[in-house]
Amino acid sequence: MGDKVIKKTQYINTDTGALENESVQYIAASFHDEKGYLFWARKNFAKSFVDVDFPKSMTMKERGQMATLAKKMWSTTNMLGYRGNGGVKSYNDEQIGNIVGLKPYQAKTFMRKMIRVGMIAKVTVTTGEERATQYYINPIYFFGSNRIPLNLYLIFKSQLDKVLPSWVLEKYALVKGASC
């Protein structure tokens, strides 16, 4: 089997039998004779990078807690979140503590440290009178996508600028300049 297959979707009116719409999408083949099986290709994931060490001040327990939290990243955003009533929600300190086995006061201490060492960023979003706190995991350590969108780049700019190629930094500078 080749590298790609065609996924064809048809929308047929059940009353008339008429074809209302059709779309064709090229997707990676589930199996390739030389490359093997494309394992869970359409599931959310968190990847980490073997050549990126954790901050030295992190304990082994904290590393495990961060690996556990990485499984709670919302889709490709790197935000710690879940689907709740009314859509996607960000986990709060207490919920994060429950996920990694910490009491509320311990969770606040843990989160402050993860922010201080650059593993997590805390972002406050204000819309009208409503304020929401969101936590994002640094994509250098755990990443839930293949591409770093501009907002995630801006959140972790100081860390990412140290590891991204200069031509990528120039591209982000152009994007930022065009959106201002």
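Select leucine 80 to start: leaving aside its neighbours within four places in sequence, Leu80 is in contact (heavy atoms within 4.5 Å) with Leu69, Lys72, Met73, Lys89, Ser90, Tyr91, Ile96, Ile120, Tyr135 and Ile137. The model is predicted, so local features need pLDDT of at least 70 and side-chain atom pairs count only at pLDDT 80 or more, while totals for chains, interfaces and linings use all residues. Residues are numbered from 1 along each chain as its sequence is written, and side-chain values use heavy atoms, with hydrogens and water left out.

**The core**

Next, show the largest nonpolar core, which has 33 residues. Such a core is a set of buried Ala, Val, Leu, Ile, Met, Phe, Trp, Tyr and Cys residues joined through side-chain atoms within 4.5 Å; buried means under 20% relative accessible area (1.4 Å probe, protein chains only). Met66, Leu69, Leu80, Met119, Ile120 and Ile137 have the most contacts inside this core. Two or more core residues come from each of α1 (60–70), α2 (93–100), α3 (104–116), β7 (120–127), β8 (130–137), α4 (150–155) and α6 (166–179). Helices (H or I, at least four residues) and strands (E, at least two) are DSSP runs, numbered from the N terminus. The largest share, four residues, is from α3.

**Asparagine 78**

Now go to Asn78, in the loop between α1 and β5 (81–84). Asn78 is buried, at a relative accessible area of 0%. A polar atom of the Asn78 side chain lies 2.7 Å from the backbone oxygen of Ile137, and the side chain of Asn78 also reaches the backbone oxygen of Phe142, at 3.0 Å. Not counting residues up to four places away in sequence, Asn78 touches Met73, Tyr135, Tyr136, Ile137, Asn138, Pro139, Phe142, Phe143, Gly144 and Leu152.

**Helix packing**

Select α1 and α2. Their axes (lines fitted to C-alpha atoms, for helices over the stretch in contact, with angles from 0 to 180 degrees between N-to-C directions) are 9 Å apart, and the two helices pack at an angle of about 110 degrees. This makes α1 roughly perpendicular to α2, a term for angles of 65 to 115 degrees. On the α1 side, Gln65, Thr68 and Leu69 make the contact; on the α2 side, Ile96, Ile99 and Val100 do.

Definitions and conventions:
Buried < 20%, exposed > 50% of the residue type's maximum accessible area, 1.4 Å probe, protein only. Polar contact = N/O pair within 3.5 Å; in protein donor to acceptor, adjacent residues only side chain to side chain. Parallel < 35°, antiparallel > 145°, perpendicular 65-115°, else oblique.
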